[in-house]
Amino acid sequence: MRIRASITEKLRSVISVIIVLLPIASSAWAVEAAPLVPELVSDSRTATAGFYHLKWQGNGLLASSYELQEASDAGFTQPTTIYRGPDQATLISGRKNGQYFYRVRALDQGQPTSPWSSPVAVTVRHHPPARAFAFFAAGAVVFLATLVLIISGARHSQKERAK
């Protein structure tokens, strides 16, 4: 009986030590998982209007912020961070003719950052000046025709009232 009681007490003490140490050991062994890679998309591969939208989604992750980079080459040898914050879309404008590459990653405070998304390439090709002036001239003609129609309608209406 005494041997059985001794074994039971030793087992209890071992189990209590395991219960105390298990949460500590499991947190030490835990590997923090990096957030999933966000998916980056553009509404246009070739931008002729002078602007384009970039959107990114976290693929099920809720990151507290994102970092968006722009580069002139696909290897991102000299990237520029153009946005860092919680938004998941941006409007890009004011770029010269050329090809631009973008990538995004998720940033969480206290968590590892996600890997970079697959790069997205956007080619900016503005309308040639001749076409831009043609659009401007067409708009001016429509504006003047509308103005002449309104003025002539108002005069015709005044003459009808005077009769």
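Leaving aside its neighbours within four places in sequence, which residues is A121 in contact with? They are R45, Q99, Y100 and F101, where contact means heavy atoms within 4.5 Å. Welcome to this predicted model, in which local features need pLDDT of at least 70, side-chain atom pairs count only at pLDDT 80 or more, and totals for chains, interfaces and linings use all residues. Residues are numbered from 1 along each chain as its sequence is written, and side-chain values use heavy atoms, with hydrogens and water left out.

**Around A121**
- A121 sits in strand β8; strands (E, at least two residues) and helices (H or I, at least four) are DSSP runs numbered from the N terminus.
- The C-alpha atoms of A121 and S72 are separated by 9.4 Å, although the two are 49 residues apart along the chain.

**The core**
- The largest nonpolar core has 17 residues; such a core is a set of buried (under 20% relative accessible area, 1.4 Å probe, protein chains only) Ala, Val, Leu, Ile, Met, Phe, Trp, Tyr and Cys residues joined through side-chain atoms within 4.5 Å.
- β3 (51–57), β4 (65–71), β7 (98–107) and β8 (120–124) each give two or more residues to this core, and the largest share, four residues, comes from β7.
- W56 is among the residues with the most contacts inside this core.
- Beyond its neighbours within four places in sequence, W56 is in contact with residues including L40, L68 and V104.

**The helical span**
- An unreviewed UniProt entry places a "transmembrane region" at residues 132–154; such annotations may be inferred rather than shown by experiment, and positions follow the numbering used here, with feature names shortened.
- Residues 132–154 are 100% helix and 0% strand, with end C-alpha atoms 33 Å apart.
- L147 belongs to helix α2 (residues 129–162).

Terms used:
Buried means under 20% relative accessible area, exposed over 50%, partly exposed in between (1.4 Å probe, protein chains only).
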